[in-house]
Amino acid sequence: MITDSMERIGLYEGIIPYAKELEARYRSGDTDGLPFEVRHKQYETKPEEKRQYEVHFHTIDLMVGLDGAETIDLAPMSALQPGVPLPNGGDGMKLVGGGRADTVRLEKGRFVAIYPGEAHRVGGQIVPGKAETLTKWVVKLPCPEAFCLK
């Protein structure tokens, strides 16, 4: 996992594919014509018990905060149990269990890159019991072979 400001994402070009292109696109707000998927998401943050971990095997989830804020929990896969595959043939699976390992904050102007094998659950409330609206990009980046799970 890597987290930093979008102003600095270009510095990670060697380990985050298309990092310099993403830096320019963030500044312009234009995501058309990119060679990877960019999902525009907006949702209310949730309490811990309503969130579920997931993991990917071959893609990097790059989350870019556009407005609002959320917490993202990361836990070792060994602390969780395998669940169902992701819907629509998505890369990865849902995981069952709880117990936070680490928590990071995603907010406007920041990114979090989550690599294959890093179990994560998104949408956490900054202030427990207080939902807020978050707007972000979820960028599905191709993973360099060295980072993919075998």
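**Entry 1: the largest pocket**

I began with the lining of the largest pocket and found that β2 (37-44), β4 (59-67), β10 (119-124) and β11 (133-142) each supply at least two of its residues. Strands are DSSP runs of E with at least two residues, helices are runs of H or I with at least four residues, and both are numbered from the N terminus. I looked up which strand gives the most, and that is β10, with four residues.

I note here that this is a predicted model, in which local features need pLDDT of at least 70 and side-chain atom pairs count only at pLDDT 80 or more, while totals for chains, interfaces and linings use all residues. Residues are numbered from 1 along each chain as its sequence is written, and side-chain values use heavy atoms, with hydrogens and water left out.

The largest pocket holds about 590 Å³ of space. Of the 24 residues in its lining, R39, K41, E54, K94 and V122 are the closest to the centre. A pocket is found on a 1 Å grid over the protein atoms alone: it is an open set of points where a 1.4 Å probe fits, with protein on both sides within 12 Å along at least five of seven lines, and lining residues have an atom within 4 Å of a point. Grid points are joined across faces, edges and corners, and the volume is the space filled by probe spheres set on the points.

I sorted the lining by class and got 12 charged, six polar and six nonpolar residues. Asp, Glu, Lys and Arg count as charged; Ala, Val, Leu, Ile, Met, Phe, Trp, Tyr, Cys and Pro count as nonpolar; the others, Gly among them, are polar.

**Entry 2: the five-stranded sheet**

I then followed an open sheet of five strands, whose order is β1-β9-β4-β11-β2 with antiparallel pairing. Two strands pair if DSSP finds at least two bridges between them. β1 and β2 are the edge strands, each pairing on one side only. Neighbouring strands of this sheet are turned by 20° against each other on average, direction ignored. The axes behind that angle are lines fitted to C-alpha atoms.

I checked the pairs around β4. Eight bridges join β4 to β11 in the antiparallel sense, and four bridges join β4 to β9 (residues 110-114), again antiparallel. M63 has V138 as its bridge partner in β11 and stands opposite V112 in β9. In β11, G65 is partnered by K136 and D67 by T135.

How much of β4 is buried? Seven of its nine residues are; buried means under 20% relative accessible area, exposed over 50%, and partly exposed in between (1.4 Å probe, protein chains only). β11 is largely enclosed by the rest of the structure, because seven of its 10 residues are buried.

**Entry 3: helix α1**

I looked at α1 (residues 19-28) and found A19, L22, E23 and R25 buried. The buried residues of α1 pack against β4 and β11. After the helix comes G29, with a positive phi near 80°.

S5 lies in strand β1 (residues 2-5). At 14% relative accessibility S5 is buried. Beyond its neighbours within four places in sequence, S5 is in contact (heavy atoms within 4.5 Å) with G109, R110 and F111.

T71 sits in strand β5 (residues 69-75), and its relative accessible area of 12% makes it buried. Not counting residues up to four places away in sequence, T71 touches R51, T103, V104, R121, V122, G123, G124, Q125 and I126.

Y18, which is not a glycine, has a positive phi of about 65°. Y18 is in the loop between β1 and α1, and at 33% relative accessibility Y18 is partly exposed. N88 has a positive phi near 60° and is found in the loop between β6 (81-85) and β7 (93-96). Is N88 buried or exposed? At 82% relative accessibility, N88 counts as exposed.

Methods. Axes are lines fitted to C-alpha atoms, for helices over the stretch in contact, and angles run from 0 to 180 degrees between N-to-C directions.
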